[in-house]
Amino acid sequence: MKAKRPSGKALHPAISSASAHTQSPDLEAGSAAHYEDPDYYCRTYKSRLEDVVFYVDRAKQVSSVLELGCGNGRITLPIARAGTPIVGVDLSRAMITDLEARLAEEPADVRKRVKLRVGDMRKVRERQRFEQVICPFNAFLHLYTRADVEAFLDSVTRCLAPNGELLFDVSIPEPLELARKPEKLYRTRPFLYPGMGRVKYGERFDYDALKQVLHVSMEFEPPNAESFVTPLTHRQFYPQELEALLHYNGFRVSELVGDFIGPPSESSRSLVFVAKQRTKQSR
Ligand SMILES: C[S@@+](CC[C@H](N)C(=O)[O-])C[C@H]1O[C@@H](n2cnc3c(N)ncnc32)[C@H](O)[C@@H]1O
């Protein structure tokens, strides 16, 4: 990690070097570090529920789901509890290990519906074909280049059943956020970090406009330990760009949902893309 440590602080203590990302150390750390501490992840996103409701509702309409970038099961487990068998794949061993532990606490019928793998969503090969492939909560934003997106869509194509659908959601790029000064620390209120007590917290944002990649540095100052930085790196995709990427990789957008509630508007913060494979008739 070179340039993306503006404060010169240590990186998150749990960052491992084992990752399939080989593009650059910055991108590798930015797609792994935030997921090395599953307890912190759960605590941070515990009130994010609208996407869980959305994906569970959609999964109830099919008989098999493949989740790419399943994390530690925020969406995987509710889908399985609602009755649909699901296979989850994630690059982070820490997240999958945590999900395995959570799954072990579930009743037998739920346990039977879930299969988990550590793996790269750009290289997924499954014997089974799925009616639905999902990639929730900005996991798609860890696809930094056209080659990454094409490899991901190739995985999806290989795994989808005929007439199956791909669903993924992304935050829409927000010009004011991308224009923030990289040297400025945006502080929020201190909060309880699992196992560390009340930490001071702030974020820095550094946008690479040519690569369309936003580097976020999350800075933590625990009361009784060394300060550390967790990087999080997100590609920024514009809606028309995504439509084109899907189109030229053999998909058509069958539905767009804004903020998980209905037709998108100019004030929507996130978009769900629902895509199906193109047929000769739909070209
Ligand atoms: C924001 S989390 C979303 C997790 C889960 N879907 C949820 O909604 O809570 C993004 C996940 O994508 C995973 N990820 C990043 N790059 C990946 C890749 N190339 N293949 C598989 N998983 C990846 C991360 O490990 C992380 O668990």
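**Ground rules**

I count two residues as in contact if their C-beta atoms, placed from the backbone, lie within 7 Å. Helices (H or I, at least four residues) and strands (E, at least two) are DSSP runs, numbered from the N terminus. I number residues from 1 along each chain as its sequence is written. The model is a predicted one, where local features need pLDDT of at least 70, side-chain atom pairs count only at pLDDT 80 or more, and totals for chains, interfaces and linings use all residues.

**Entry 1: the whole chain**

I looked up the overall make-up and got nine helices and 12 strands for the protein chain. Its radius of gyration (taken over C-alpha atoms) is 19 Å, close to the 19 Å that the globule rule gives for 283 residues, so the chain is as compact as a globular protein of that length. The globule rule is 2.2 Å times the number of residues to the power 0.38. Along the principal axes, I noted a C-alpha trace of about 55 × 45 × 35 Å.

Next I checked burial. A residue is buried if 20 or more other C-beta atoms lie within 10 Å of its own, exposed if 12 or fewer, and partly exposed in between, with C-beta atoms placed from the backbone. By that count, 35% of the 283 residues are buried. I also looked at contacts with a separation of 6 or more: 63% of them come from residues 24 or more positions apart.

**Entry 2: helix H5**

H5 runs over residues 93–104. The expected span of a helix is 1.5 Å times one less than its number of residues. For the 12 residues of H5 that gives 16 Å, and the end C-alpha atoms are 16 Å apart, which agrees.

Which residues of H5 are buried? I found Met95, Ile96, Asp98, Leu99 and Leu103. Looking down the axis of H5, I see these buried residues fall within an arc of 160° (the arc of the directions from the helix axis to the C-beta atoms), so they line one face of the helix. An α-helix has 3.6 residues a turn, so residues three or four places apart point the same way. On the other side of H5, I noted Ala101 and Ala104 as exposed.

What do the buried residues of H5 pack against? My list has helix H2 (38–44), helix H4 (76–81), strand S3 (86–90), helix H6 (108–113) and strand S4 (114–118).

**Entry 3: helix H7**

I repeated the check on H7 (residues 146–159), which has 14 residues. From first C-alpha to last it reaches 20 Å, close to the 20 Å expected. Its buried residues are Val149, Phe152, Leu153, Ser155, Val156 and Cys159. Down the axis of H7 they fall within an arc of 150°, so they line one face of this helix. Arg146, Ala147 and Arg158 are exposed on the other side. Among the elements covering the buried residues of H7 are strand S2 (65–68), strand S5 (130–135), strand S6 (160–171), helix H9 (239–248) and strand S11 (251–258).

Val156 counts as buried because it has 24 C-beta neighbours inside 10 Å. Leaving aside neighbours within four places in sequence, Val156 is in contact with Val133 and Leu166. Ser47 sits 29 Å from Val156, C-alpha to C-alpha, and 109 residues away in sequence.

**Entry 4: the ligand and Phe137**

How many residues surround the ligand? I got 20, the closest being Gly69, Gly71, Arg74, Ser92 and Phe137. The shell splits into 10 nonpolar, six polar and four charged residues. Here Ala, Val, Leu, Ile, Met, Phe, Trp, Tyr, Cys and Pro count as nonpolar, Asp, Glu, Lys and Arg as charged, and the others, Gly among them, as polar.

Phe137 belongs to the loop between S5 and H7. Why does Phe137 count as buried? Because Phe137 has 21 C-beta neighbours inside 10 Å. I also wrote down its phi, near 50°, a positive value in a residue other than glycine.

- Asp259 counts as partly exposed, with 18 C-beta neighbours inside 10 Å.
- Ser217 is in strand S9 (residues 213–221). Ser217 is buried, with 24 other C-beta atoms within 10 Å. Thr230 is 13 residues from Ser217 in sequence and 5.8 Å away in space, C-alpha to C-alpha.
- Ala179 lies in the loop between helix H8 (175–178) and strand S7 (186–193). Ala179 is exposed, with 10 other C-beta atoms within 10 Å.

How values were computed
A residue is near a molecule or strand if its C-beta atom, placed from the backbone, lies within 6 Å of it.
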